[in-house]
Structure formats: structure tokens, C-alpha cells
Amino acid sequence: MARVLTLSRSVLHWSPLRVRSMCSLEEQARAIFAAAVEGVQPDSVVHRALQRRGDELVVAEHCFELRHNLHLVGFGKAVLGMAAEAERIVGDHLIQGIVSVPHGIQETLQRHRKLNMLLDASSKIKVMEGAKHNLPDTDAQRSAESIWELACSLTEKDLLLVLISGGGSALLPAPVPPVTLHEKQEVTRRLAAAGATIQELNTVRRALSLLKGGGLARCAYPAQVVGLILSDIIGDPVDLIASGPTVWSETSLETVWTILNRYNLSDTLPLSVKEVLNQADSQQRSSLKEQPQQINILNTVIGSNAIALKCASRKAQELGLRPVILSPGVCGNIQAVAQFYGLLSRFACSSGKESTELRDQILKLGTEVGVGSWELCCTLKELEVVQQESWHATCLLAGGEPTVHLLGKGRGGRNQELALRVGLELSRAKERSRNMFLSGGTDGQDGPTEAAGAVCDGNIESEAKSQGLDIDGFLQNNDSFTFFSSLSKGQRLLLPGLTGTNVMDVHMLILPPTPSAQ
Ligand SMILES: Nc1ncnc2c1ncn2[C@@H]1O[C@H](COP(=O)(O)OP(=O)(O)OP(=O)(O)O)[C@@H](O)[C@H]1O
Ligand SMILES: O=C(O)[C@H](O)CO
């Protein structure tokens with residue numbers, strides 16, 4: 001309790017940096033989302049993480065001597081921008097580099113004029129595109145082979161900079177023989193279709209790969225390895241992001257089999273996969289384990305959802321809103337998540353018995369949507385204080401990756417669907433129509449649509465009705481993009497275009513001051 005009181009005191013002392021500008025709450029919400037994305041741009045995160053001191057490179061307070069001994073590899077959706085910035089900082093010591101990036105990304109970045117994320121014509125880094133539709137393919141396998149060869153050629157004098165971001169698993173496929181690329185892809189596809197989480201998927205991927213689960217760092221030994229990681233998994237688990245190629249992890253076969261059994265795959269696995277799993281303790285692997293793996297590796301998370309939320313919070317404060325960060329780990333079923341934000345919105349406007357009841361419901365639902373009771377209690381305390389003291393709007397920020405169980409055939413994404421579902425919650429709560437909700441994917445692409453997400457307030461139900469749009473019908477068909485495209489000429493959509501980064505989603509609940517506090 002003492003900790004809660006300390007926190008609420010700090011809220012009382014909060015003061016905006018500037019008086020609120022005249023733009024609308026919706027414009028402010030959009031500007032705050034843009035600031036979240038800006039804060040985790042691949043070039044800026046690398047810029048913050050890599051310090052150059054003469055012929056020394058400083059990363060996370062560790063110094064590395066530069067003697068024209070630098071090599072660079074990267075794999076993931078955001079690593080082209082990361083590589084461009086790394087080359088600007090340490091290019092004079094760079095000998096060679098290879099990045100494995102999504103098919104078509106150079107052309108897309110060109111089209112969006114994101115020139116700072118592209119390499120110079122004179123770059124020493126080779127760009128290899130592959131993994132169409134985020135699936136490992138022979139192009140990505142070729143990139144993985146080139147990266148493998150580069151890593152294997154290094155000596156103890158070398159320093160290998162490894163740039164890692166989401167999408168890296170598909171861009172670095174190196175199945176343990178005799179497993180073929182197709183067989184590995186099939187196992188991953190079937191696991192994903194059966195509802196396996198990214199943690200489960202990547203645990204299995206690690207067991208079937210030569211480069212994942214620390215394999216790349218093993219190849220590079222005895223060179224020093226520095227992994228710069230842009231996280232797209234809740235909790236930033238470095239061993240699982242892109243399946244952890246620079247993170248030494250012992251594959252627990254029991255865990256792998258438990259996952260395969262859970263999704264009823266064990267009996268129908270290709271023979272090659274069974275063979276590899278059964279021989280995991282083979283001579284080859286145990287001899288690799290004898291190397292002092294950890295000594296030469298430094299892994300550091302340089303961008304994450306939490307960082308995006310901090311940047312958003314700074315922007316909110318700048319705009320004169322009172323920021324409250326809830327959690328970067330919101331997950332679970334989208335319906336539960338929508339209900340959760342609906343309850344929070346109601347709680348912020350409630351008092352007395354209603355407030356106590358809502359509090360109990362929120363705490364109960366919190367665990368289901370990945371928010372711990374400590375962070376939730378802090379937030380609820382802050383919302384209580386805000387309600388009593390504030391004449392500013394509050395900007396409640398959270399992030400993560402809820403899941404949608406697709407039943408319909410419409411076009412949409414989890415952010416647009418979440419915005420729509422929360423909008424309904426806001427509409428259906430009395431006197432809460434001024435509250436606003438925004439949900440956006442930081443990569444700028446929500447599901448297979450060109451929008452990143454949407455923004456809406458409690459008027460959405462009447463707005464839709466007046467335009468002849470039946471929200472429930474669109475929701476049943478998972479057709480949130482079509483809905484938002486039709487609603488008010490698409491004005492509620494978030495359309496930043498591809499951002500070149502990816503740290504999951506950002507959620508924002510904007511709560512104007514309650515009339516009694518004004
Ligand atoms: N019509 C739809 N309505 C709602 N959600 C959808 C729809 N179609 C796909 N999705 C959801 O979109 C998600 C995939 O979208 P997206 O490509 O943005 O994935 P992602 O998880 O952000 O991938 P990455 O992290 O690799 O970028 C899946 O969770 C899927 O359930
Ligand atoms: O590449 C992957 O494995 C996913 O994006 C999670 O990091």
C-alpha cells in the first residue's frame with residue numbers, strides 16, 4: 001500500500017510541459033501514436049544504442065575495439081534501417097555485411113521516401129530479399145547460408161554485429177539435416193494454424209535449426225558477437241525474438257515434445273523431424289556445447305514496446321495531456337481486451353459503489369489480458385487521483401498483441417477490430433461518449449490491410465447507424481477494415497503507411513476530464 005501512495009503522490013506533482021494546444025483530442029491521439037512509432041524507428045534505436053568513441057564502439061556500456069575488424073549480419077523486417085544507421089556510425093571499420101530482409105522492402109521504402117532506411121550505393125552490406133508473405137523460402141535459405149558462411153569465416157580478432165528484429169525467424173531458415181525447408185515450414189505452419197503461441201513456435205523452430213537458439217553465435221565463435229535486438233514479443237525474451245540466433249539456449253527436448261503433443265502433431269511429424277529431435281544429444285551438438293559460448297556474446301534489446309510507450313507518454317505530456325502507462329504486455333482474446341478497456345473507461349468516470357464494483361471486475365479480467373495486478377492497482381490509483389484532481393485529459397497508454405479468433409471472411413486486423421469493439425463498449429456506457437480509443441500496429445500494417453489501426457469514440461454507434469452501417473454484422477465477419485473504410489469516408493482509419501519498424505501494437509484510451517473535476 002505504501003508503494004501505491006508514493007506513486008499517487010508523484011501523479012499529484014505532475015505538470016504538463018506546455019499548455020495544451022488547440023488541436024482536437026483525435027488529432028492529439030494520432031500525434032501521440034506517431035511519436036510512439038518515431039521513438040522506435042530502426043535508425044533511431046541503433047543511433048541511441050551505438051556510441052562511437054574514436055576507434056572504440058560502446059554498446060550498453062561495453063567497449064569494443066575497432067581495428068577494421070567489423071562484420072555485420074542482420075535478419076528481420078526492420079534490419080535494413082538498422083544496418084543503414086550502423087554503417088553510418090561504424091562504416092569506416094566495416095569489412096563486409098549481409099542482411100536478410102523481406103521481399104520487396106527496398107522498393108517499398110523507396111516508394112515511401114524512407115531514404116534514411118536504405119543503404120548507400122557504396123555500401124559494404126549486401127541486401128538479400130526473401131521470405132515472401134513472412135514464410136521461409138529458398139531465397140531466405142540462401143541468405144541464411146551466406147550469413148552462416150560469413151559467421152564461420154570469423155576469427156578471434158573479429159567483431160560481429162548482429163541486427164535482429166521481428167520476422168527474423170522466417171528470414172533465417174537453416175533446417176538441421178535431413179529436415180528440409182519444406183518439412184520445417186510445414187511443421188511451423190501446422191503449429192501456427194493450430195493456435196500455437198509465438199513462444200511455442202519459436203521453441204520448436206530452435207530445435208530444428210542450425211542457426212537459431214544460439215547457432216549463429218556458435219558459428220561465429222571465437223569472434224566477439226554483439227546482438228542488437230528490436231523486440232516484437234511481449235516481455236522482450238531475447239532467446240525467442242527471431243528464435244534467438246545469438247542467444248545460447250539449451251533445447252529441452254521434453255518442452256519441444258510437450259508443445260508438439262499439445263497440438264497433436266507428434267504422430268504425424270515427418271521422419272526427418274523425429275530423427276533430428278531424437279538425436280539432439282548427438283556428438284555434433286554436444287561438441288558444440290563444450291565451447292565457452294556465453295563469454296563472447298553481448299545481446300541487448302534496443303527497441304521495444306515499452307520504449308514506444310515512453311515516447312508516446314512524452315508526447316502526450318508535451319501536448320498537455322496527463323500520461324499514464326499501464327503495460328506493454330496486453331494480450332489474450334480481443335473480446336476480453338475490449339471489455340477490459342471498456343471497464344477502465346467506465347472506472348475513470350465512476351465513483352462510490354460503482355467504482356468498487358468496476359475495480360473488482362478489472363482486477364479479475366487483468367490476468368486474462370496479461371496485465372499484472374500490481375501494475376493494474378497503480379493505474380487504478382492514478383485514475384482515481386486524476387478524476388479528483390485533473391482538469392486535463394488523461395492519456396492511458398498500453399501495448400502488446402491481443403489475438404483474434406477469425407471466424408469471418410472479411411478484411412480487417414486486430415487493431416481495427418479492437419478499436420471497433422472498444423468503440424462499442426464506449427458507446428454503450430452512459431455519459432462516456434467523449435472518451436476516445438486508438439489502436440495501431442507500430443509496423444503500420446494491421447493484418448492484410450493498408451491501415452495500421454483506427455481511432456474512435458463513444459459516438460461510433462450512432463455515427464455508424466446514421467450511415468446505415470451495422471457494427472455487429474461487420475464484427476461477425478471480421479470485417480473491421482471495410483467498416484472503417486466506409487465510416488465517415490475512412491476518416492477514423494490510421495494510415496501512416498509502412499513504418500519500417502515493429503514493436504507490436506499501441507493502445508491509447510483518452511479520457512477527457514470529468515465535468516466535476518473541471
Ligand atoms: N480480417 C481480420 N480481422 C481481424 N484480424 C485479422 C484479420 N485478418 C488477419 N487478422 C489478424 O492479423 C494478424 C496478422 O497480422 P499482421 O500481419 O499485422 O501480424 P503481426 O502479428 O503484426 O505480424 P508481424 O509481427 O510479423 O508483423 C493475425 O493475428 C490475424 O489474426
Ligand atoms: O521472427 C520471429 O520469430 C517473430 O517475429 C518473433 O520475433
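A polar contact is a pair of N or O atoms within 3.5 Å; within protein, one of the two must be able to donate a hydrogen and the other to accept it, and residues adjacent in sequence count only if both atoms are side-chain atoms. The structure is a predicted model, in which local features need pLDDT of at least 70 and side-chain atom pairs count only at pLDDT 80 or more, while totals for chains, interfaces and linings use all residues. Residues are numbered from 1 along each chain as its sequence is written, chains are lettered from A and ligands numbered from 1 in the order in which they are written, and side-chain values use heavy atoms, with hydrogens and water left out.

**View 1. Ligand 1 and its polar contacts.** A nitrogen atom of ligand 1 lies 2.9 Å from a polar backbone atom of asparagine 478, and a nitrogen atom of the ligand is 3.2 Å from a polar backbone atom of glycine 410. The side chain of asparagine 502 brings an N or O atom to 3.1 Å from an oxygen atom of ligand 1. Taken alone, ligand 1 exposes 640 Å², of which the protein buries 76% (accessible areas come from the Shrake-Rupley method with a 1.4 Å probe, and for residues only the protein chains shown count as cover).

View 2. On its own, ligand 2 has 230 Å² of accessible area, and the protein covers 90% of it.

**View 3. The open sheet.** Here 6 strands, paired in parallel, form an open sheet in the order β6-β5-β4-β7-β8-β9 (strands are DSSP runs of E with at least two residues, numbered from the N terminus, and two of them pair if DSSP finds at least two bridges between them). Because β6 (125–130) and β9 (297–303) stand at the edges with a single partner strand each, one side of each is left without a neighbour in the sheet.

**View 4. Strands β5 and β6.** Strand β5, which covers residues 94–102, pairs with β6 in the parallel sense over 6 bridges. Within this region, serine 100 stands opposite methionine 128 in β6.

Technical notes. Helix = DSSP H or I, 4+ residues; strand = E, 2+ residues; numbered from the N terminus.
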